[in-house]
Amino acid sequence: MPRPVARVLTLLELLQSGGVRTASELAGRLGVDERTVRHYVGHLTDLDVPVESVRGRYGGYRLAPGHRLPPLMLSDDEALAVLLGLVAGRRAGLTSTTGTASDTATAKIRRVLPERLRLRLDAVLGALAFTAPPGEALAPDSGVLLPVADAVNHHRPVSIRYTSSDGRRSERTLHPHGLVAHSGKWYVTAADLTAGEDRTFRLDRITDVRTLPGSFEPPEGLDPAKRVLTALATAPYRHEVTLRVQDTAEHINARLPAGIAIVEEPPSPGDGDTDTERWSRVELRVERLDWLPAVLASLDRPFVIERPDELRGLVEAFAERLSDSARRDPPRA
């Protein structure tokens, strides 16, 4: 590559790092004079790269928003970060459902990488293993996600068309408070003006969004993530489980995440009682009970089952299986 072309690309890389770069700074980095820098800037503008000249004492050059994305100059670390981000985002459901944007973006980046770097990155992606399998990703359409996010940021009311879990369709007016991504799904917490209550909606069930005139003031102290987790933990399921566990809420939540269980820890009585002597109340709503005995055993703390009685029998059977295994002699060679 001729040196002037290499310097023009280096200039583009410097401008892509953000901020205003003075002509003297760019000249020093490129090893040329300021007049040549202006000449290189002219080359970039001829290529439709939106370089903007900033006047004044602290003036210089910067990239301005344009109609076309300028060529990206990525270092080895930056290319690895982008590709790993695309892979992780696809597994977590943090991508748009419109087309195959994540796959096509990955292919475009790999196609323009030097072979040396492409082979090294392919080696990383080929050797990479995840400790958890990919979940069911239900990412929203960008035509839903972007206007909802804009309404959250600017406190604008929106009208949506929504399909509930039982297939009922409705049109609702919302004051959206926050966006939350959880377990491969996207949610918006909002004041539902149609129902007159605060609700949580899955974005993949929204088919149309219209921003309405006006604005609203969101409530203070709002925690959208906590609201989503609480809504999931209190949703109707087949079994309602209530337990008392002799442990702190922090330790219990480490085994029973907030999206599954609601843990209430009583206040300290102030009479010298320690945390391990206090009994926390745990409520769960689950479709199946068979996995709970092993989780309760993993707490390694005393517990009492308040309901349902069916869980008592499952815990007893689990304890008997463990006891039988502990007494069993190893098989002969």
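In which order do the strands of the open four-stranded sheet stand? Let's find out in the close-ups below, which come from a predicted model.

**View 1. The open sheet of four strands has the order 9-10-8-11.** Pairing in this sheet is antiparallel. Strand 9 (261-264) and strand 11 are the edge strands, and each of them pairs on one side only. From one strand to the next, the twist averages 20°. Look for strand 8 (residues 239-245) beside strand 11: four bridges join these two antiparallel strands. A handy landmark is Thr 242, which stands opposite Arg 307 in strand 11. Helix 11 packs on this sheet, where it touches strand 8 and strand 11, and its direction makes about 140° with that of strand 11.

**View 2. A cis peptide bond joins Arg 307 and Pro 308.** Here omega is about 0°. Pro 308 sits in the loop between strand 11 (303-307) and helix 11. As background, most peptide bonds are trans.

**View 3. Helix 10 (residues 292-299) packs against helix 11 (residues 309-327) at an angle of about 70°.** The two axes are 9 Å apart. With angles from 65 to 115 degrees counted as roughly perpendicular, helix 10 and helix 11 are therefore roughly perpendicular to each other. Their crossing is right-handed. Helix 10 brings Leu 292, Pro 293, Ala 294, Leu 296 and Ala 297 to the contact, while helix 11 brings Leu 311, Leu 314, Val 315 and Phe 318. Sorted by class, the contact has nine nonpolar residues, with no polar and no charged ones.

**View 4. Another open sheet has five strands in the order 6-5-4-3-7.** Its pairing is antiparallel. Strand 6 (197-202) and strand 7 (206-211) stand at the edges with a single partner strand each, so one side of each has no neighbour in the sheet. On average, neighbouring strands are turned by 45° against each other, direction ignored. Strand 5 (residues 185-192) and strand 6 run antiparallel and are joined by six bridges.

**View 5. Strand 3 is joined to strand 4 by six bridges and to strand 7 by five.** Both pairs run antiparallel. On the strand 4 side, Thr 163 stands opposite Arg 169. On the strand 7 side, Ser 159 has Arg 210 as its bridge partner. Strand 3 and strand 4 form a hairpin with five residues between the strands, and there Gly 167 takes a positive phi near 90°.

**View 6. Helix 7 (residues 142-154) packs on the five-stranded sheet.** Helix 7 touches strand 3 (158-163), strand 4 (169-182), strand 5 and strand 7. The direction of this helix makes about 80° with that of strand 4. In the loop between helix 7 and strand 3 you will find His 155. Phi of His 155 is near 55°, a positive value in a residue other than glycine. Most residues other than glycine have a negative phi.

**View 7. Confidence across the protein chain averages a pLDDT of 82.** A score of at least 70 is reached by 86% of the residues. Helix 5 (residues 101-112) has the lowest confidence, at a mean of 74, and strand 3 has the highest, at 94. A friendly caution: where pLDDT is low, the predicted coordinates should not be read in detail.

Terms used. Residues are numbered from 1 along each chain as its sequence is written. This is a predicted model: local features need pLDDT of at least 70, side-chain atom pairs count only at pLDDT 80 or more; totals for chains, interfaces and linings use all residues. Side-chain values use heavy atoms; hydrogens and water are left out. Axes are lines fitted to C-alpha atoms, for helices over the stretch in contact, and angles run from 0 to 180 degrees between N-to-C directions. Angles under 35 degrees count as roughly parallel, over 145 as roughly antiparallel, 65 to 115 as roughly perpendicular and the rest as oblique. A crossing is left-handed if the near helix is turned anticlockwise from the far one by less than a right angle, and right-handed if clockwise. Contact means heavy atoms within 4.5 Å. Ala, Val, Leu, Ile, Met, Phe, Trp, Tyr, Cys and Pro count as nonpolar, Asp, Glu, Lys and Arg as charged, and the others, Gly among them, as polar. Two strands pair if DSSP finds at least two bridges between them. pLDDT is the predictor's confidence in each residue, from 0 to 100.
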